[in-house]
Amino acid sequence: DPQTTAVFLHGLQIALENGVAVVPGVIQRGIDWLSTYQRQELEKLRIGRMDPKDRPESAQWKRYADSMDALVYMILVDEKIDNKQMREYLYEDRAQLPVYALSMLGIACHKVEDIEKRDMIIRNIGQYLVTDDENQTAYLNLPNSNYWWYWYGSEYEAHAYYLKLLSITNAKGDTASRIVKYL
């Protein structure tokens, strides 16, 4: 299951960053599995973008990169594995991604120093930002009516990942502190 593997692996990455001992080889096996998964999803995207009459009849395909692709991409970037084609698909399909996944993509773009894409993603997310000057807060007015029950539809997780993105790009800005106060 890609979601379970990705979330587990991300937790191990965070644990390792914080000095927790991790069984040798576990992270590498997870990275290998996610790398294979990403290659398979890239193939589905490649086929999905073909002219339908040229698409092999029995081929699996998908039209857009999705939230799972963003999560896997971010985790692999943390391990210094930057698949530029996946980054391009995610960026091209960013209008299809929820804010949670956009924030993950923005974090990954920052880490690979694709500042132009990162800044556009921040502007894209900014369209959902609502500020309340009286309370000195800010929040994202998320259009989650159709997927609030999925992992990538969580309002709090979306805010948290947006805050992570802001903390590496503009930690001292008003928006980050206002979101902290809102949360």
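Helices (H or I, at least four residues) and strands (E, at least two) are DSSP runs, numbered from the N terminus. The model is predicted, with local features requiring pLDDT of at least 70 and side-chain atom pairs pLDDT 80 or more, while totals for chains, interfaces and linings use all residues. Residues are numbered from 1 along each chain as its sequence is written, and side-chain values use heavy atoms, without hydrogens and water.

Q: Where does Glu-113 lie, and what makes Glu-113 count as buried or exposed?
A: Glu-113 belongs to the loop between α5 and α6. Its relative accessibility is 65%, and the classes are buried under 20% relative accessible area, exposed over 50% and partly exposed in between (1.4 Å probe, protein chains only). Glu-113 is therefore exposed. Its phi is near 65°, a positive value in a residue other than glycine.

Q: How do you know whether Lys-80 is buried or exposed?
A: Lys-80 has a relative accessible area of 75%, so it is classed as exposed. Lys-80 sits in the loop between α3 and α4 and, although not a glycine, has a positive phi of about 70°.

Q: What makes Leu-97 buried or exposed?
A: With a relative accessible area of 7%, Leu-97 is buried. Leu-97 is found in the loop between α4 and α5 (99-111). Residues up to four places away in sequence aside, Leu-97 touches Ala-65, Asp-66, Ser-67, Leu-90 and Leu-102. Of these, Ser-67 is 30 residues from Leu-97 in sequence and 6.3 Å from it in space, C-alpha to C-alpha.

Q: Which residues have the most contacts inside the largest nonpolar core?
A: They are Leu-90 and Ile-125, in a core of 47 residues (buried Ala, Val, Leu, Ile, Met, Phe, Trp, Tyr and Cys joined through side-chain atoms within 4.5 Å). Among the residues that Leu-90 touches, not counting those up to four places away in sequence, are Ala-70, Tyr-73, Leu-97 and Leu-105.

Q: Why is α1 called roughly parallel to α3?
A: Helix α1 (residues 2-17) and helix α3 (residues 67-78) pack at about 30°, their axes 10 Å apart. The axes are lines fitted to C-alpha atoms over the stretch in contact, with angles from 0 to 180 degrees between N-to-C directions. Angles under 35 degrees count as roughly parallel, over 145 as roughly antiparallel, 65 to 115 as roughly perpendicular and the rest as oblique. Therefore α1 is roughly parallel to α3. Their contact includes Ala-6, Val-7 and Leu-9 of α1 and Leu-71, Val-72 and Ile-75 of α3.

Q: What makes α4 roughly parallel to α6?
A: The axes of helix α4 (residues 84-92) and helix α6 (residues 115-126) cross at roughly 25° and come within 11 Å. That angle makes α4 roughly parallel to α6. The contact consists of Arg-87, Glu-88 and Tyr-91 from α4 and Lys-117, Met-120 and Ile-121 from α6.

Note on methods. Contact means heavy atoms within 4.5 Å.
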